[in-house]
Amino acid sequence: MRQTDLQNDALPAPPCIMVIFGAAGDLAKRKLFPALYYLSMANQLPEQFAILGVSREDFNSETYRELMNTESRAHLDGDYSRDVWERLVQCCHYLQGDFRDSETYQALLKKLGELDEQCGTSGNYLFYMATPPAFFGDIAVQISGAGLADEQDGCWRRLVIEKPFGHDLQSARELNKTLLHEFEERQLYRIDHYLGKETVQNFFAFRFANGVIEPIWNRRYVDHVQITVAEPLGVENRASYYETAGALRDMIPNHLLAVLAIIAMEPPISFDADEIRDEQAKVLRAIQPLTPEEVLTHTVRGQYDSGVMPDGTHVPAYRQEPGVAADSQTETFVALRLMIDSWRWAGVPFYLRTGKRLPGRFTEVMVQYKHAPNAAFKRSILKGQPVEPNVMVLRIQPREGISLGINAKVPGQAMQLSPVEMDFSYDDYFGHGPSTGYETLIYDCMQGDPTLFKRADIIETAWQLMEPVLDVWRALPPRDFPNYTAGDWGPAAADELLQHDGRSWRACTAGACARKTTRG
């Protein structure tokens, strides 16, 4: 049964102005404006709404609209409504200015007052920092200094911060200190677009609304968990950022630990935002910190060499990419083994991996259950193969959905077993709607719902966990870079990380995922 008749009954967001700092950048053009368009198509944007772009580029409101009409419109998917798009573009206004110049914010204050009168937006402002992270603290200070963080007469003011939230523990603490000096925590929305994915949000419903799942979501039944974020792309035009970040800083404290916290959290007493985030914070605090010795045995880093991707494309090594140092020590692949000291997860390893120039674009959580006793089936296994363990896969991208691998009898007179898969796909059941991953998050910002956003303590705990890894890697530069070929699944040491425990990574080729070997 396909549920194409299901409707989204979310009400339009309250009147507001969305101020986008860095309004001429790629994030605004590729993600934010398409997301606003999809929200408008779903009737979830307010009638009283305006967009005010702030950037250094020499535009006025009219030329900025032309820019969005050409460069951003090209990123729209699905059915196109000219009326909806043109109405959104007409909501756009522009202010040229330097992010660190106080005069910019005096002009911003004046412009916002004019738009409030013109559009009826009631003094509600959503400030979105689509800028390099070096500007985050300065923009927050300037907004507050102009009086634009003050909430009076029933209006609200909110600040959205894109990742990265610092580049280590000290910088994360300094950024949080600056932000919390100028804004209240309830006004801050640290955005992670992974948490806007339908499957990530569905983790809550999947775990806590299904009586057959939660009772077996623990150490008694689960053998181990794998979280994978694979990208076929290289560094592209982000070398200036990536050379100072690397795969660990770019992906682990933000995306992968956020997914881990949702997977491993205890049931909250309610779906109040802070109740949920309290449980996620507890998970991160329960992860065993790695000692320097464990960093050497529980973590793997890699850098891609030149190679051939699955589509036949020849690609250069990371060190040959424009803007990358010829002797760069920056990792483009990371794998970790983490343990959680909690009653639910004691003894269950969580394996995390992420990398660039891997065979495909694919993000998933794999939960492998422990083997059932197989004594009765010793002579019933198909082709003499061992009975496969049950594996549950939560696919975040592509083809969002959930699958469960079970063992079933092969038709015929003999009792022979073979693994089969039960599969649920969002597209097949609910239909496919275009999405950037930002729609839910922007809407929640406007509604004042911080459930899917990160608190200061969660950010700092994640960086605290990564601090020993960064320290050891800084002290012991890699000697074997590059150590994996573009188009492969990372360095051999990543396979050895699991093989040491008698396990293996879930493999993925040509879009079809399968187990290579399983624990006996």
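## Basis and overall architecture

Helices (H or I, at least four residues) and strands (E, at least two) are taken here as DSSP runs and are numbered from the N terminus. By that rule the protein chain has 14 helices and 20 strands. This is a predicted model, in which local features need pLDDT of at least 70 and side-chain atom pairs count only at pLDDT 80 or more, while totals for chains, interfaces and linings use all residues. Residues are numbered from 1 along each chain as its sequence is written, and side-chain values use heavy atoms, with hydrogens and water left out.

The radius of gyration, taken over C-alpha atoms, is compared with a globule rule of 2.2 Å times the number of residues to the power 0.38. For 520 residues a compact globule would come near 24 Å, and because the protein chain has 24 Å, the two agree. Along the principal axes, the C-alpha atoms of the protein chain fill a box of roughly 80 × 55 × 45 Å.

## Burial, contacts and charge

Buried means under 20% relative accessible area and exposed means over 50%, with partly exposed in between (1.4 Å probe, protein chains only). On this scale 55% of the 520 residues of the protein chain count as buried. Contact means heavy atoms within 4.5 Å, and among the contacts in the protein chain with a separation of 6 or more, 78% come from residues 24 or more positions apart.

Accessible areas come from the Shrake-Rupley method with a 1.4 Å probe, and for residues only the protein chains shown count as cover. The accessible surface of the protein chain comes to about 23,400 Å², and 50% of that belongs to carbon and sulfur atoms. For charge, Lys and Arg count as positive and Asp and Glu as negative, whereas His and the chain ends are not counted; the place of a charge is NZ of Lys, CZ of Arg, CG of Asp or CD of Glu. The protein chain has 52 positive and 70 negative side chains, and the centres of the two sets lie 8 Å apart.

## Helix α12 and its surroundings

Helix α12 (residues 439-447) is mostly covered, with seven of its nine residues buried. These buried residues are Glu439, Leu441, Ile442, Tyr443, Asp444, Cys445 and Met446. They pack against β1 (16-21), α1 (26-41), β2 (49-55), β4 (125-129), β5 (157-162) and β6 (188-191). Just after α12, glycine 448 takes a positive phi of about 80°.

## Aromatic pairs and a buried threonine

Rings of Phe, Tyr and Trp (its six-membered ring) pair if their centres lie within 6.5 Å; planes under 30 degrees apart count as stacked, over 60 as edge-to-face and the rest as tilted. A search of the whole structure finds 22 aromatic pairs. In one of them, the rings of tyrosine 351 and tryptophan 505 have centres 6.1 Å apart and planes at 70°, so this pair is edge-to-face. The pair links distant parts of the chain, with tyrosine 351 in strand β13 (residues 349-355) and tryptophan 505 in the loop between α14 (492-499) and β19 (506-509), 154 residues apart. Both tyrosine 351 and tryptophan 505 are buried. Elsewhere, Phe21, Phe99, Tyr105, Tyr125, Phe127 and Phe135 form one aromatic cluster.

Threonine 363, in strand β14 (residues 362-369), is buried, with a relative accessible area of 2%. Leaving aside residues up to four places away in sequence, threonine 363 touches Tyr194, Thr228, Val229, Leu394, Arg395, Ile396 and Gln397.

## Backbone features in the loops

Most residues other than glycine have a negative phi, and most peptide bonds are trans. The peptide bond from lysine 163 to proline 164 is cis, with omega near 10°, and proline 164 is placed in the loop between β5 and α6 (169-182). The peptide bond from phenylalanine 481 to proline 482 is also cis, with omega near -10°, and proline 482 lies in the loop between α13 (456-475) and β18 (484-485).

Asparagine 43, in the loop between α1 and β2, has a positive phi near 60° and is exposed, with a relative accessible area of 56%. Serine 122, in the loop between α4 (102-119) and β4, has a positive phi of about 65° although it is not a glycine, and serine 122 is exposed at a relative accessible area of 51%.
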